Amino acid sequence: MDVLAERILLDLRNTFKKDPLIDEFDVLPVHESVSNKCPVIHVEHKIALEDWCVKHVYVYAYSKFFTWRKKPYKIDSECFLTWTSAILLINPEIETVWNARKEFVCQNLLLPENELKFSELVLSRKPKSFPVYAHRKWVLFQWFKGKCSPCSLQQVVDHELRLCTRGANLYPNNYYAWCHRTWLMKELCHNCLKIVSEELTSMECWTSAHVSDHCGFNYRQFLLSCYSREDLNIMPCPLHASGGENCSGKKTVLFASLLQQEISFLCNLQAAYLGHETLWYHRRFILHEIHRMNVSKSADSEDAGSCKRHKWDKGEEWDIRQEENFLIENLQRARDGSWERTLMERHIKWLKNVVCWPLSLSLG
C-alpha cells in the first residue's frame, strides 16, 4: 500500500505542477478502484481524489510527516510540501502540520502568496475550518510585514472579502468565515468608515437572500456599531494612507440615519419572510441601539460633537408608536399559534422588560 500511496502522491504533485490555476478540491464517491485507473481526477482547474484511495494516501503522508517531525532530518522541500498538502487537503484540522508550513514560510522555502493560494484550495472543500482561517491571518501579516502598499493591500482585502462570501455561500452560518471578514475590517482596514459604508451596501443583497443566517446579520451589527464608536480617528486606514482619499468621508452620515435605514430595510424583510428568528434578533439590536443612543444623548447633551453624530433628523426618530404600528401590521399577517406570533410575543416582552417601552399592545 505504501508503493500505491507514493504513486498517488506523485501524481498529485505533478498535477499541481502542470496546472498552477487549480482552485477547487474534493473527494469523489468512488469506493472501488476501476481497471487500475489513476484516482487523481483533474478537470478544468478542479482536482479530486477518488474516495477509495483517501485513507491510504492520508495514513502514508501522516506517517511520513510525523516520523520526520519527531526526529527531523534533511528533507527535500517538495516531499515536505507533498506530504503536508495531502494531509491538509483531506483533514485541515491538524494545526501541527500548519505550524510546520509556517516554519517553511519563515525560512523562505515557501512563498506567502503560494501558501495563501493553497489554504484557499483547502477552504473550497472545508469552508468552515478554523485552523485554515487562522493560518491565513498569520500568512497575511507575514506577507505585508514591512512592504505594505495601499494598492496591494486593496487587492488582498478585495480577494479576502470574496473568499469570505464564498465560504458563507458554501456553508450556512459559517461563523469562522464571518469572523475572518470582521478581522479584515478591524486589522487591515482599521474600521475605515468609507469601507464600512461600502460593506453595508454590498452585503444588503446577501442578507436579503439569507434571512436565517444569524452570522451574516451579526456582521451587519458590527458594521453599524463602527459608526457609534468614539475613537474613529485613532488609527488611519492603510488603504488610503497615501492616496489622498478621505477614509472617514462617510462620517457625515449620522448614526441615527443609518439606524433608520436599517430598520426600514428590516421591516421590508420581515413583511416578506415570516417566522425567521434571526430577523427578530436583529430588530432587537437596532432598537437597543436606538434606546442606548437616546439615553446617551440625554446624558451628554452638552457634548456638541456627540450630539451632531447621533442627532435624529426631524420626523425621523423611530418611536413607540411606529414600533406598535409595525407589530399590528405584522399581527394581521401571522396566524394564531404560528411561530411568527410566538416570536412577536417574545419581542413585545423584550421591549417592555429591557428597553422599558410602555407598549399598549399585548398578545397575551
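## The largest pocket

By class, the residues that line the largest pocket are 10 nonpolar, four polar and six charged. The model is a predicted one. The space in this largest pocket comes to about 600 Å³. Its lining is made of 20 residues, and the closest to the pocket centre are Phe16, Lys17, Leu81, Ser85 and Phe118.

By class, the lining of the second largest pocket divides into five nonpolar, two polar and seven charged residues.

Val122 belongs to helix H5. Is Val122 buried or exposed? Val122 has a relative accessible area of 1% and therefore counts as buried, since the limit for buried is under 20%.

Val122 and Val132 are 10 residues apart along the chain, and 7.6 Å separates their C-alpha atoms.

## Cavities

How many cavities of 30 Å³ or more are there? The count is three. In the largest cavity there is about 60 Å³ of space. The residues that line this cavity are Glu277, Trp280, Tyr281, Arg284, Leu343, Arg346 and His347. Two or more residues of the lining come from each of helix H12 (277–299) and helix H15 (339–353).

Helix H12 gives the most to the lining of the largest cavity, namely four residues. By class, the lining of the largest cavity has three nonpolar, one polar and three charged residues.

## The three-stranded sheet

Three strands make up an open sheet with mixed pairing, in the order E1-E3-E2. Strand E1 (24–28) and strand E2 are at the edges and have a single partner strand each, so one side of each has no neighbour in the sheet. On average, neighbouring strands of this sheet are turned by 25 degrees against each other, with direction ignored.

Strands of a sheet can pair in a parallel or an antiparallel way, through backbone hydrogen bonds. Here, strand E2 (residues 40–43) pairs with strand E3 (residues 46–50) in the antiparallel sense, over four bridges. Val40 has Leu49 in E3 as its bridge partner, and the bridge partner of His42 in E3 is Ile47.

## The hairpin turn

Strands E2 and E3 form a hairpin, and two residues lie between them. Which residue in the turn has a positive phi? That residue is Glu44, with a phi of about 50 degrees, although Glu44 is not a glycine.

Glu44 sits in the loop between E2 and E3. The relative accessible area of Glu44 is 67%, so this residue counts as exposed, the limit for exposed being over 50%.

## Two further loop residues

Asn108 lies in the loop between helix H4 (95–106) and H5. Asn108 is a residue other than glycine, yet its phi is positive, near 60 degrees. Asn108 is exposed, because its relative accessible area is 70% and exposed means over 50%.

Where is Ser228 placed? Ser228 is in the loop between helix H10 (214–225) and helix H11 (255–272). With a relative accessible area of 14%, Ser228 is buried. The side chain of Ser228 reaches the backbone oxygen of Ser225 at a distance of 2.8 Å.

Notes: Residues are numbered from 1 along each chain as its sequence is written. This is a predicted model: local features need pLDDT of at least 70, side-chain atom pairs count only at pLDDT 80 or more; totals for chains, interfaces and linings use all residues. Side-chain values use heavy atoms; hydrogens and water are left out. Two strands pair if DSSP finds at least two bridges between them. On a 1 Å grid over the protein atoms alone, a cavity is a set of points where a 1.4 Å probe fits but cannot get out, and a pocket is an open set with protein on both sides within 12 Å along at least five of seven lines; lining residues have an atom within 4 Å of a point. Grid points are joined across faces, edges and corners, and a volume is the space filled by probe spheres set on the points. Ala, Val, Leu, Ile, Met, Phe, Trp, Tyr, Cys and Pro count as nonpolar, Asp, Glu, Lys and Arg as charged, and the others, Gly among them, as polar. Buried means under 20% relative accessible area, exposed over 50%, partly exposed in between (1.4 Å probe, protein chains only). A polar contact is a pair of N or O atoms within 3.5 Å; within protein, one must be able to donate a hydrogen and the other to accept it, and residues adjacent in sequence count only if both atoms are side-chain atoms. Axes are lines fitted to C-alpha atoms, for helices over the stretch in contact, and angles run from 0 to 180 degrees between N-to-C directions.
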